Amino acid sequence: MKRPNRNHGGLFALAAGIILATVSFPSPAAQAAEKLTAGGASFPEPIYGRWFKEYNRATGVQVDYQSVGSGQGIKMFTAGTVDFGASDAAMSDEEMAKVEGGVFLLPMTAGSIVLTFNLPGVTDLKLPAEVYPKIFLGEITKWNDPALVAANPDAKLPDLKITPVFRADSSGTTYNFTNHMSAISPAFKEKIGGGKKVNWQGVGVGGTKNAGVAALVKQTPGAIGYVEYGYANQLKLPMASLQNRAGKFIAPTPESGAAALANVKLPENLRAFDFNPEGDASYPIVTFTWWLVHPKYDDPATGAAIKKLADWCLTDGQAIATQIGYIPLPEPVIKKVKAKADQIQ
């Protein structure tokens, strides 16, 4: 199996092994497991940053996580340059087939994808399901469009150009957002479709990672963009209420996200998406986000370290989720993920 290229060289590891064996210290393998490398999705970066900091404080184990986007995370994991990857789009069967030694998909947390906007004088915005796909298709171009005014009779919507903001990089956030849009709009499905990176047909402007999209929206009057809830919450950006499958306008909250997640059925491979969930109280764009791990590592200490980290994140870590805008996993999901993680060697 192709494994990460560690910063320490083979000669150093050999010498360390001889010295440690001589003085009866812990094995070199145990020492190697004090640091893990990972990379991928920016969607969960705020919670991963918090988790890995708390875990380091509790155990001394350092997790070096690179927030580079889901697409790049899959590439890094497949190439063997990180111990584990992270993606909001899980991995396709085709992508999994390319991984030497196989892959387990572990959903570790979940969150909502929100539409945040920069609209002077407006903080409460309702977007009907038939309207917001048209914005990203370039068919609704002004904030005082009759369809928006009808949905927001109490808001003073200005005669201002709408600037859609999208992810320019390969992104699991884009994967979930565009597949949701395709699920509710046949026109969007036909013209743009769902994927980690799509052709936006020249509509709007692109930003890199969730933080880049959030920053562009914040600095551009009239902008609207899709980001993970935590980023919008951290930057105190307003978030639109979206019309769900039941026809209700639902604000993004941990509770409305959890209501949607409760309707997702998780199969044996732990890869599940519901791009337009049922339920009166369900927020319509919610996703799991996954770790990509090997079933067996060349260095057993690496596998053991990942297994311990996963267990901590699935227990102590879940209590942190709501503090920063993520959705704690339902207990049945945690049970399934723990059972899979326990198989890592």
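A residue is termed buried under 20% relative accessible area, exposed over 50% and partly exposed in between (1.4 Å probe, protein chains only). The structure is a predicted model, in which local features need pLDDT of at least 70 and side-chain atom pairs count only at pLDDT 80 or more, while totals for chains, interfaces and linings use all residues. Residues are numbered from 1 along each chain as its sequence is written, and side-chain values use heavy atoms, with hydrogens and water left out.

The structure contains 9 salt bridges, a salt bridge being a side-chain nitrogen of Lys or Arg within 4 Å of a carboxyl oxygen of Asp or Glu. One of them joins the side chains of E95 and K196 at 3.1 Å, N to O. Because E95 belongs to helix α5 (residues 93–97) and K196 to the loop between α9 (186–191) and β7 (205–207), this pair ties together parts that are 101 residues apart in sequence. Helices (H or I, at least four residues) and strands (E, at least two) are DSSP runs, numbered from the N terminus. K196 is buried, at 19% relative accessible area, and E95 is buried at 19%.

A salt bridge also links D169 and R167 (2.7 Å, N to O). D169 is buried at 13% relative accessibility, and R167 is buried at 3%.

R245 and E278 form a salt bridge at 3.7 Å, N to O. R245 is partly exposed, with a relative accessible area of 49%, and E278 is partly exposed at 47%.
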